[in-house]
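Please look over the sequence and the fold that follow, and keep both in view while you read. The paragraphs after them begin with one term, then go from single residues to the whole protein.

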Amino acid sequence: MLTDPHAPLRHDVRLLGDILGETLREHAGEDVFASVERIRTAAKQARQTGDWQALLQLMQSLNDTQLVPVARAFNHFLNYANIAEQHHRVRRRRAYQCLPQPSIEKGSLDELLPRLLKQGISTNTIIDTLSSMRVELVLTAHPTEVTRRTLRHKHSEIAEVLSALDNSGLTPSERQKQLQKLRSRIVSAWHTDEIRRQRPTPVDEAKWGFAAIERTLWDALPAYLRELDHALQTHTGQRLPLTAAPLRFASWMGGDRDGNPNVTAKLTTEVLLLARWQAADLIWQDIDALRNDLSMHTASAELRKQVGDHPEPYRELLRGVRRRLADTRHWLEQQLSDQQTTELESVYRQDQELLEPLLLIDRSLRSCGMPVIADGKLLDCIRRVTAFGLHLLRLDIRQEAERHTEAIDAITQSLGLGHYQDWSETEKQHFLLSELDNPQPLIPRELCCTAEVREVLDTFQMLAVQPECGLGAYVISMAAQPSDVLAVRLLQKACGCATPQRIVPLFETLDDLNHAAAAIDALLQIPWYRSDIKNHQEVMIGYSDSSKDAGFLTAAWAQYQTQEALTQVCHQHGVKLTLFHGRGGTVSRGGGPAHAALLSQPPGSVAGSVRVTEQGEMIDFKFGLAGIAQRNLELYTTATLEATLAPQARPKPAWRKCLTALSKQAVNDYHAVVRKDPHFVDYFRQATPSDELSRLALGSRPAKRKATGGIESLRAIPWVFAWTQIRLLLTAWLGTSSALKNAKHNGQQALLKEMLNQWSFFRMLIDMQEMVLAKADPAIAHYYEWRLVDDSAMQALGQRLRDQLLAAIDTIESLTGHPLLTEIPVLRRSIDVRNPYIDPLHIIQVEVLRRLRTQDEEDSELEHALQIAITGIAAGLRNTG
């Protein structure tokens with residue numbers, strides 16, 4: 001008899017729910033527990049029967065003081081369901097790997113490597129590609145990341161207990177001990193405030209990024225590279241070179257100053273110092289453990305030259321390494337406490353300084369017949385240093401192009417040359433290039449400038465004194481012209497950056513995307529610039545702003561065509577291109593499965609190197625547990641390898657023509673609502689908690705790029721967050737569905753099905769539509785409108801939007817030939833199981849919004865309930881912005 005593979009998941013959810021119930025009884029009171037149980041039962045019945053009256057009556061009868069504990073109960077349960085699901089993914093992967101003859105897992109190394117070899121790709125080509133591959137995951141703070149670090153730590157401990165309870169060899173007393181630990185963590189979480197009372201600073205966000213490395217990735221990365229080695233040896237007889245680092249990590253936390261006045265030169269310095277301290281501390285621990293391990297006395301002559309006749313040569317060599325790490329750590333502590341001491345010679349600055357003695361030990365052990373020891377802790381240590389380095393995360397810097405223009409303008413005015421901002425593009429380039437060749441100082445000593453310009457200059461001067469290996473890219477947001485890039489290069493030179501960061505223009509809006517290839521082509525025609533970049537250009541593609549600007553389908557097709565054009569331009573110039581994908585967590589911000597996304601990129605655009613942002617909640621989702629982290633690292637590796645060596649075929653002309661027509665209609669339909677409907681803005685403000693989101697202490701960045709302005713100035717993330725909260729998820733389907741429906745009615749259904757079955761890019765678009773539509777709920781969206789919107793014209797707009805949502809579902813089901821998520825039953829069931837626990841939070845949120853909007857004074861109890869409802873809905877949907 002076949003066993004149900006998901007029975008353990010249901011057991012874990014029941015266990016966590018039962019303990020939460022006990023906690024409510026003991027720590028919130030019998031009345032709260034009874035209310036929660038009545039509401040839970042009514043919510044399930046409402047979903048089963050479609051009759052919501054009993055649930056609504058229960059919810060609306062709650063007084064202000066009851067709202068918070070009830071909302072917290074459902075919030076906690078949804079978080080525990082997330083933990084159980086994450087742990088079950090790890091459990092299933094382990095069970096799968098333990099099968100005597102496991103079927104090949106899609107996207108795995110064991111599936112891809114034999115397929116590539118069968119296609120005639122040589123072993124050496126595969127090894128060379130992996131050795132030079134550079135996949136860099138860039139961790140960014142999420143402006144709507146809702147879970148406090150304190151609770152995330154408790155959640156990690158709960159996952160560890162669930163893992164321990166899977167051990168069938170536990171004795172009764174050991175099992176009871178784990179259950180007691182589980183109860184302790186759940187009670188502790190109940191008595192922990194899940195809501196931040198103050199906005200995190202950029203330093204707080206950076207520390208969270210460091211914690212993500214320390215908690216899982218520090219161990220998961222070398223563990224995964226061992227899996228990669230094993231797969232390579234199995235299928236090719238070779239292994240990954242010792243210092244190859246196909247996967248690396250970078251960060252924007254503490255470096256992204258675009259629209260965030262809280263990120264200053266001083267703050268970035270602090271973040272860089274903290275990163276170096278964290279890396280030194282982690283590596284010190286590794287070296288200390290390694291020193292205890294390497295007690296043997298046999299060593300090569302090369303190593304003996306370093307330590308003489310010491311009876312324990314490896315320990316002696318590592319003693320010096322450990323001392324230097326301790327000196328590095330101590331000096332960094334002094335810098336962080338504002339003790340301006342001279343940097344000691346023993347302080348590590350470059351990764352190679354640390355790698356050299358480790359590689360020496362490796363050569364010695366192998367030459368002395370001890371490769372099994374070299375492949376132990378030493379191998380992991382070398383790979384960590386290679387991947388994370390002495391700075392843990394390379395820090396990118398991001399700033400708006402306009403800020404650099406203002407700085408150059410201040411300089412030209414001070415020099416009596418006029419207003420740089422008013423010059424033509426040709427005039428700007430002539431000035432910038434002449435100054436780049438001019439050995440004389442550019443910036444006057446007594447430059448008269450604004451505080452904003454001074455901050456830009458301070459940032460470049462700060463970067464000039466940082467170790468090169470601690471810095472990543474310098475990203476220019478809202479880039480449009482070659483002068484935007486040259487201006488940054490001139491500021492680097494003028495401020496003394498001897499080894500300047502690579503400069504990466506970011507093209508974000510639809511118009512910017514359409515002109516990106518022309519801008520890069522013009523840039524690469526400048527001989528000085530071509531020589532300066534050493535034939536490697538990186539370009540960042542923005543997903544969020546273009547989707548907010550033009551809608552999901554139009555933005556996605558523009559992004560695809562932009563990548564095609566950039567790839568062609570760089571190929572024509574003989575320049576290697578690295579594309580940096582600024583993806584978010586949601587579909588309308590470029591989110592979705594990374595493996596499918598990379599495989600659907602234009603042929604030739606992934607040539608062994610790619611950068612991708614990973615934001616707040618997705619970092620925890622993808623890398624929060626070691627087993628899941630290793631699987632996601634594998635998926636990034638296999639997708640990049642396949643996209644490089646066996647890219648998808650180019651789309652047929654008929655497909656391109658069809659998608660271009662779809663895109664034109666989609667953006668028109670999107671703009672007809674978002675830009676042209678006179679009631680849309682007011683509807684957005686009234687039906688969603690968009691204004692109230694500002695009350696959440698979410699991220700360090702303001703919700704708007706500028707203090708004034710309407711929806712156009714609202715950041716893409718809170719824009720998506722607001723629509724997600726009411727389950728309309730308008731940003732992901734508006735325009736797209738109507739364009740597809742129109743194409744179907746125009747006799748193109750057969751062509752659309754052909755594209756769906758044969759074009760991975762189009763398949764991914766439809767898969768993402770299917771997933772987001774499965775999470776949408778027109779009945780919930782209608783409830784928000786019914787209770788919060790009182791204008792008949794706005795209500796009519798809401799009805800039209802819900803009708804379009806239902807039509808979108810019909811269109812996608814007609815195209816795919818099955819109800820939503822039929823082919824992903826696990827996700828379908830996950831959504832269905834969660835809905836009865838999310839529904840009470842929606843009702844609480846609506847009731848709180850009504851009460852808050854009719855009161856003249858602030859009400860802390862209601863504010864607290866609103867914040868909990870917002871975070872609970874986000875947890876239940878596993879999406880914020």
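A polar contact is a pair of N or O atoms within 3.5 Å, where, within protein, one atom must be able to donate a hydrogen and the other to accept it, and where residues adjacent in sequence count only if both atoms are side-chain atoms. This is a predicted model, in which local features need pLDDT of at least 70 and side-chain atom pairs count only at pLDDT 80 or more, while totals for chains, interfaces and linings use all residues. Residues are numbered from 1 along each chain as its sequence is written, and side-chain values use heavy atoms, with hydrogens and water left out.

With that term in hand, turn to R329, whose side chain makes a polar contact of 2.8 Å with the side chain of D281. R329 lies in helix 12, which covers residues 313-336; helices (H or I, at least four residues) and strands (E, at least two) are DSSP runs, numbered from the N terminus. Because its relative accessibility is 17%, R329 counts as buried, a word that stands for under 20% relative accessible area, with exposed for over 50% and partly exposed in between (1.4 Å probe, protein chains only). Setting aside neighbours within four places in sequence, R329 is in contact (heavy atoms within 4.5 Å) with W277, A280, D281 and W284.

A second polar contact to find is that between the side chains of D839 and R47, at 2.7 Å. D839 belongs to helix 34, residues 825-853, and D839 counts as buried because its relative accessibility is 0%. Apart from residues up to four places away in sequence, D839 touches R47, W52, L55 and I780.

In helix 4, residues 64-97, you will find A84, which counts as buried because its relative accessibility is 0%. Leaving out neighbours within four places in sequence, A84 is in contact with L9, D12, V13, L16 and L162. The C-alpha atoms of A84 and R14 are separated by 9.8 Å, although these residues are 70 residues apart along the chain.

Now step back to the whole protein, whose secondary structure comes to 35 helices and 8 strands. Of its 881 residues, 59% are buried, and among contacts with a separation of 6 or more, 82% come from residues 24 or more positions apart. Along its principal axes, the C-alpha trace spans about 85 × 80 × 60 Å.
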